[in-house]
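Subject: Structure handover

Hello,

Here is the structure I promised to pass on. Please open it alongside this email; my notes follow below.

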Amino acid sequence: MVGKNCFAIASDRRLGVQLQTIATDFQKIYKIHDKLFIGLAGLATDAQTLHQKLVFRHKLYQLREERDMKPETFASLVSALLYEKRFGPYFCQPVIAGLGDEDKPFICTMDSIGAKELAKDFVVAGTASESLYGACESMFKPDMEAEELFETISQALLSSVDRDCLSGWGGHVYLVTPTEVTERILKGRMD
């Protein structure tokens, strides 16, 4: 979800196999650099493999270009990497969020074969996406300041994952402004 020169990215903390919960503190959001994050919903092993490949590709880019990757460029990289495996895809739905030129927020999501969906307000992915759409549509306001954005995304996440039996156990939120990255853990009703 985007705000005024900032963005927030959030996920639940459940790792499960169908209806069985394996862990309640699973990391689904990964930092690429200080102003770029990726959230990977889907099969945990594929998410971890994809994250390792993306970190490797970003480090190669840093060595070659001597700068960090822009969010738009990174989104194209993720899309191409997913499309390469279209006949045996990674079962992941990425959400990419970053601050681009002049600290303009960028967000996008894509399906498991890399078809991008760009947005100017919010994007969602995962098993709770239907209830997330409803919560985000009703709570989102343009140009929110950082703290209001944190409160909005947190409420939308918690109210949505409570309606989905395959997600939950609190939340993990990163709030990114041009000057700082704030990480917070949310307690859900089952914690």
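In which helix is the place of Arg 57? Arg 57 lies in helix α1, residues 44-65. Helices (H or I, at least four residues) and strands (E, at least two) are DSSP runs, numbered from the N terminus.

Some ground rules. This is a predicted model, where local features need pLDDT of at least 70, side-chain atom pairs count only at pLDDT 80 or more, and totals for chains, interfaces and linings use all residues. Residues are numbered from 1 along each chain as its sequence is written, and side-chain values use heavy atoms, with hydrogens and water left out.

**Arg 57**

Arg 57 is partly exposed, at a relative accessible area of 31%. The scale runs as follows: buried is under 20% relative accessible area, exposed is over 50%, and partly exposed is in between (1.4 Å probe, protein chains only). Leaving aside residues up to four places away in sequence, Arg 57 touches Met 69, Leu 77, Leu 81 and Glu 84. Contact here means heavy atoms within 4.5 Å. Glu 117 is 60 residues from Arg 57 in sequence, and the C-alpha atoms are 22 Å apart.

**Strands β4 and β5**

Strand β4 covers residues 29-33; four of its five residues are buried, so β4 is largely enclosed by the rest of the structure. β4 runs antiparallel to strand β5 (residues 36-42), and four bridges join them. Two strands pair if DSSP finds at least two bridges between them. A hairpin through two residues connects β4 to β5. His 33 stands opposite Leu 36 in β5.

**Aromatic rings**

Rings of Phe, Tyr and Trp (its six-membered ring) pair if their centres lie within 6.5 Å; planes under 30 degrees apart are stacked, over 60 edge-to-face, and the rest tilted. The count comes to four aromatic pairs. One of them is Phe 7 with Phe 37, edge-to-face, at 6.3 Å centre to centre and 65° between the planes. That pair links distant parts of the chain: Phe 7 is in strand β1 (residues 7-12), Phe 37 is in β5, and they are 30 residues apart. Phe 7 is buried, at 0% relative accessibility. Phe 37 is buried too, with a relative accessible area of 0%. Phe 37 also forms a tilted pair with Tyr 174, at 4.9 Å and 35°. Here 137 residues separate the partners, with Tyr 174 in strand β9 (residues 171-176).

**Charges**

A charge sits over a ring if NZ of Lys or CZ of Arg is within 6 Å of the ring centre and within 35 degrees of the ring normal. Arg 86 has its charged end over the ring of Tyr 83, 4.2 Å from the centre. Arg 184 does likewise over Phe 150, at 4.1 Å.

A salt bridge is a side-chain nitrogen of Lys or Arg within 4 Å of a carboxyl oxygen of Asp or Glu. There are seven by this rule. Among them, Asp 34 meets Lys 31 at 2.8 Å, N to O. Asp 34 is partly exposed, at 49%, and Lys 31 is partly exposed, at 46%. Another joins Asp 103 and Lys 35, with the closest N and O atoms 3.1 Å apart. Asp 103 is in the loop between β6 (92-99) and β7 (105-110), while Lys 35 is in the loop between β4 and β5, 68 residues apart.

Best wishes
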